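Open the model in a viewer and keep the selection panel at hand. The stops below go from a pair of helices to a sheet and then to a single helix.

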Amino acid sequence: MSLIRWKENCLYLPHLADTDRPALAYVKGSRMGILLDCGNSAQHARLFMKELLLAGENLPKLAILTHSHWDHSFGMSAMPCPVAACEKTAEKLETMCSWSWTVQAMEERLEAGEESLFSHRNIPKEYPDLSKIVVKSPDILFEHTLTVDLGGERCIASTILSPHETDCVICYFPGNGMLFLGDSYCSVPVGEDWIYDKERLSVYIQTLESYPPGTFCIKGHHPPQLLWELLEELRAEL
Ligand SMILES: [Fe+2]
C-alpha cells in the first residue's frame with residue numbers, strides 16, 4: 001500500500017491489518033513537516049520515509065505519538081527526527097523499555113494482563129525475530145497540549161479522554177481541517193471481544209463534537225472518515 005495525498009500539504013499511509021500496521025500521516029507547512037505516529041517497526045517507519053521521498057517531500061522535522069501501544073511507537077528507533085509524546089505515553093514507554101522480548105516474557109505479560117491477546121498475537125507477525133524489537137522513550141514531553149507552527153499550518157496535539165487507552169492524544173490541523181485520531185476512537189480488546197467503556201466513549205464523543213462536522217478524520221486502523229459520519233457510528237455504540 002502506498003502513500004495517499006489528501007490536500008496539498010497532507011499525505012498518509014493507510015493501515016495494513018496483516019501485521020497490525022496503523023495509518024501514519026505527514027503534514028507540512030512552509031517551515032517544516034511533521035509525522036503522526038511512528039509505526040510498528042523500524043521497517044514500517046522506513047517504508048513511510050521512502051515513500052515520502054519518492055513523493056518529492058522532505059523528511060519530517062518532528063514526530064508526534066498518539067499513544068504508547070507497540071504498533072504506533074516501536075518505529076521510533078528509525079525516526080530521523082525528535083519524537084514528542086504526552087507525559088503519560090512517555091511514562092508507559094519508559095516502563096516498556098525495560099521489558100524483555102522473548103516468547104516466555106511475552107506470555108508472562110499476557111498472563112499478568114500487561115498485554116492484550118490481540119497484541120500478543122500480532123507482535124510476532126511483524127517481528128518473526130523478537131530480538132529485533134527496540135523500544136525507545138520520546139524526546140519531547142508535553143502535559144496536555146502541544147502546538148507546532150509548521151508555517152501556514154498548525155498542529156494542535158491534545159490529550160483526550162478516550163475509550164481506548166489512558167494516554168491518548170489527537171492532532172488537529174485547523175488549516176486543512178484534518179484530525180489525526182490514532183486509536184482514540186477504538187474499543188479495547190478483551191480476550192476475543194472488543195469492548196467499549198460507554199462512560200468514556202460518551203465523554204470522547206462530546207469532545208469530538210467541538211470540531212467542525214466536516215473535519216477529515218484519519219483513523220489508526222480503519223479508512224478515513226468525515227467527523228459527522230464517525231460520530232454517528234460512535235453514538236450507535238452507546
Ligand atoms: Fe492502540
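**Helices 6 and 7**

Select Leu201, Ile205 and Leu208 in helix 6, which meet Leu227, Leu231, Leu234 and Arg235 in helix 7; contact here means C-beta atoms, placed from the backbone, within 7 Å. Helices (H or I, at least four residues) and strands (E, at least two) are DSSP runs, numbered from the N terminus. This is a predicted model, in which local features need pLDDT of at least 70, side-chain atom pairs count only at pLDDT 80 or more, and totals for chains, interfaces and linings use all residues. Residues are numbered from 1 along each chain as its sequence is written.

Now show helix 6 (residues 198-208) and helix 7 (residues 227-235) whole: they pack at an angle of about 160°, with axes 11 Å apart. Axes are lines fitted to C-alpha atoms over the stretch in contact, and angles run from 0 to 180 degrees between N-to-C directions. The two helices are therefore roughly antiparallel (over 145 degrees).

Next, select the six strands of the open, mixed sheet, in the order 8-9-10-11-14-15; strands pair if DSSP finds at least two bridges between them. Strand 8 (145-149) and strand 15 (225-226) are the edges, each pairing on one side only. Strand 14 (residues 216-219) runs antiparallel to strand 15, joined by two bridges. Zoom in on phenylalanine 216, which stands opposite leucine 226 in strand 15.

**Helix 3**

Finally, select Thr89, Ala90, Lys92, Leu93 and Met96, the buried residues of helix 3 (residues 87-97); buried means 20 or more other C-beta atoms within 10 Å of the residue's own, with C-beta atoms placed from the backbone. Their arc around the axis is only 165°, so they lie on the same side of helix 3; the arc is that of the directions from the helix axis to the C-beta atoms. These buried residues pack against helix 2 (70-73), strand 6 (83-86) and strand 7 (140-142).

Conventions: A residue is buried if 20 or more other C-beta atoms lie within 10 Å of its own, exposed if 12 or fewer, and partly exposed in between; C-beta atoms are placed from the backbone. Two residues are in contact if their C-beta atoms, placed from the backbone, lie within 7 Å. Angles under 35 degrees count as roughly parallel, over 145 as roughly antiparallel, 65 to 115 as roughly perpendicular and the rest as oblique.
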